[in-house]
Every structure is written in C-alpha cells, then in structure tokens.
Amino acid sequence: MSTSTQNFPTLKNDRLLKAIRFEKVDTTPVWMMRQAGRYLPEYKQTRSEAGDFLSLCKDVDKATEVTLQPFRRFDLDCAILFSDILTVPDALGLGLYFETGEGPKFKKTVRSRADVEALPTVNMATDLDYVMKAVTSIRYALNGIAPLFGFSGSAWTLATYMVEGGSSKEFRHIKGMMYSEPETLHVLLNKLTDAVIDYLVAQIDAGAQLVQVFDSWGGALAHREFVAFSHQYNQKVVQGVKAKYPDVPVVVFTKGGGLWLDTQVQNGADMLGLDWTISLADARKIALASSKPIALQGNLDPATLYASPENIRKHTHLMLNDAYSVGEKTGYVANLGHGIQQWVNPEHAKAFIDAVHEFQL
C-alpha cells in the first residue's frame, strides 16, 4: 500500500491494518482516541512549553514529540497525528482560539448565504502546511513501530462550530439554518466536503497510512436529517479519498451514531467507529451482513478507565467477547467510545491496553 513517494521506514507492526482488511491477527490491535493528551503529565509539560494549544499544534517538533509520548508508556498499535479537527475552519479565516475551560471558539461565524459564499478555498500546501509537515515528521519519528492516522472533522461537525461560533449543547443556530434555510447549509456542507477531501488526501501525500473522519456531532441530528446533512457528506468524503487512494483505509466515527449503523455501513468506509451506546455484538452482525463487510472500532465507555485495573480488565474482556461472538476473530480494533478523559490515571490506560493484548483470540 503506497501512501507517499517519500522513503519512509518500513512498517514493523501492521496488526491494525490487517484487522481492517479482515486478515488474521495475532492479537487484537488497540489505540485510544486522544491518546496524546492532558491525562499524561509529559504532555502537559510540553503544552506549557508551547504556550497554548494552537501553538503546540503548529510547532512541528513539539507536535511530533507529544504524538510519540504515549508510545513510551504503552504498547500501542497505531499513532494519530496531533492536531485539531478545527484546523480547516481556521484556515478559512474564522479566527480559531481557545478559552480556558470553555473549549474552541471562532472570532467570526457563518450564518448567512453571503457568509458561506464569502468563504475562500483552502490551499493545503500553504494554509495548512504545518499539518503536513507534522505528518511527515511523525511518520519518520515513528520509525515503523506503528501506522499513522491522519484525520479531519466531518463536514457536518465542522459546520456546527462555524455556525455556532464554538461548542454548543442546543445547536440553535445551525439547526435553525438546517430547518429554515436548508439550501444554504447544503452549500456550506458541499464546500466543507471538498475541503475535507483535499485535507485528507494531502495528509496521505505527506505520509498518513490511514485516515479517520470525526463526525463528533452527527448524533445530535434527527434520523432523516442525519442522512441528509451528515451521512451523505461522509459518503462523499470517503468516495473522494478513495478516488485518489483506493487502498488507504478510511474510518468514519459518528459519536451517537449507533442508531444509524445500518445506514452508515453504506458510506463506503473500511471501518466504522462506535461509541458505547450500542451492543458491539449487534453492531458486528450489521457490519458483517453489509454488501462489503466493514470492520469496527471502539465501544468501551471512556469512564471505564476510572475503575480499578481489575475492573478495567474485566470490562475490556467483556467488550472483546462481544466483538468476537460474531464472525471471525479479526475485523475489529479495540478503542474507547470517545477520547480518553484528562482525569484518567495513565496506569489505568495501560491496564486497558494490556488487557486487550492479553485477550486470547
């Protein structure tokens, strides 16, 4: 599988890629969303040195360092680019910034047809060159110990932040647009879909060996609206990436999307991420019964990691029993159902990872 013309080190651990392709694996592959993050004291130290979160993302050396930090503690089967899902809206000139304790915010919002039409086209080589440089740097620094994920937010998820101006619980502005001016929202989503495709392809060009679409707010939609405003655009992203790189795995993770798994299996992805709200055994039945069997990832409630190591091991093995109660003992990647939380003891994260690898296939 060729993802770049650069001469990168040979991959020594392809367990995760094999599982996605439904090939035999010696043990279940595992990684954690947000595995480079605030639960690690060494991450906090590096972030403090960088000054703030965005500066850390844009510092290639420091972004490489924090990506590799979890590998010094844990036996992980994948790395993920250290960045943020909102780099594309930032490159669109909306002025991304972070308020302590309040999450991401934008200086400008997109709430009218004129606002949408005024959005520029993102030039990946110049506007987001720091992301591509980080991908290449991390790929070399990994030295083949694990494959590297690139990622982007989904078109719908990016749109929610751009229209709301930051995080939201009610989605008042974007849902207002969706129901009162759906044509405007579709124009925005189409623009973002093109940008997401270009962004993911550029990351693969730079060295990413697989990519994930984070549809973090897809679960906030009603069922018809999920299909119209989230799913169809995720499908277009997968098709766009596959048109350029047919052999590079594409993963789609819709938080709260288990209700629509029978729809999601039609989006063309190689693997779907799951949160903790659906039975993994039921999800496997749906994924394996689709026209092209689809691998699954995740399902463990991140709060499980507040338990004792013994209970973490117990719940992890229950999850793996569910995963392999249907079909062959492959086609599954262990992960949390969302990002690891900042208050988790790193030793409890290790307990989860070790419990996955010790599980007998």
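**Reading a fold by its cut-offs**

Biologist: Which residues does serine 216 touch, leaving out those up to four places away in sequence?

Modeller: Serine 216 touches Ile85, Thr157, Phe253 and Lys255. Keep in mind that this is a predicted model. As for its place, serine 216 sits in the loop between β5 and α12.

Biologist: Why is serine 216 called buried?

Modeller: Buried means under 20% relative accessible area. Serine 216 has 16%, so it counts as buried.

Biologist: And what makes isoleucine 278 buried?

Modeller: The cut-off is again under 20%, and isoleucine 278 has a relative accessible area of 15%, so the word applies. This residue lies in the loop between β7 (271-274) and α14 (280-289). Beyond four places away in sequence, isoleucine 278 touches Gly258, Leu261, Ala283 and Asn299. Isoleucine 278 and leucine 259 are 19 residues apart in sequence, and their C-alpha atoms are 7.7 Å apart in space.

Biologist: Let's turn to the rings. How many aromatic pairs does a search of the whole structure find?

Modeller: The search finds 11 aromatic pairs.

Biologist: Why is the pair of phenylalanine 171 and tryptophan 217 called edge-to-face?

Modeller: Two rings pair if their centres lie within 6.5 Å, and planes over 60 degrees apart count as edge-to-face. Here the centres are 5.2 Å apart and the planes make 65 degrees, so the pair is edge-to-face.

Biologist: What makes the pair of tyrosine 324 and phenylalanine 359 stacked?

Modeller: Planes under 30 degrees apart count as stacked. For this pair the angle is 25 degrees, with 6.3 Å from centre to centre. Both residues are buried. The pair also links distant parts of the chain, with tyrosine 324 in the loop between α15 (309-323) and β9, and phenylalanine 359 in the segment after α16 (346-358). Elsewhere, ring pairs link Tyr43, Phe53, Phe82 and Phe98 into a cluster.

Biologist: How do you know that the span of α16 agrees with its number of residues?

Modeller: The expected span is 1.5 Å times one less than the number of residues. For the 13 residues of α16 that should be 18 Å, and the end C-alpha atoms are 18 Å apart, so the two agree. The buried residues of α16 include Ala349, Phe352, Ile353 and Val356. Among the elements covering the buried residues are α1 (15-20), α2 (41-50) and α15.

Biologist: What caps the N-terminal end of α16?

Modeller: Asparagine 345 does, with a side-chain oxygen 2.8 Å from the backbone nitrogen of glutamate 347. A polar contact has a limit of 3.5 Å, and 2.8 Å falls within it.

Key. Residues numbered from 1 in each chain as written. Predicted model: local features only at pLDDT ≥ 70, side-chain atom pairs only at ≥ 80, totals over all residues. Heavy atoms only, no water. Phe/Tyr/Trp six-rings, centres within 6.5 Å; stacked < 30°, edge-to-face > 60°. Helix = DSSP H or I, 4+ residues; strand = E, 2+ residues; numbered from the N terminus. Buried < 20%, exposed > 50% of the residue type's maximum accessible area, 1.4 Å probe, protein only. Contact = heavy atoms within 4.5 Å. Polar contact = N/O pair within 3.5 Å; in protein donor to acceptor, adjacent residues only side chain to side chain.
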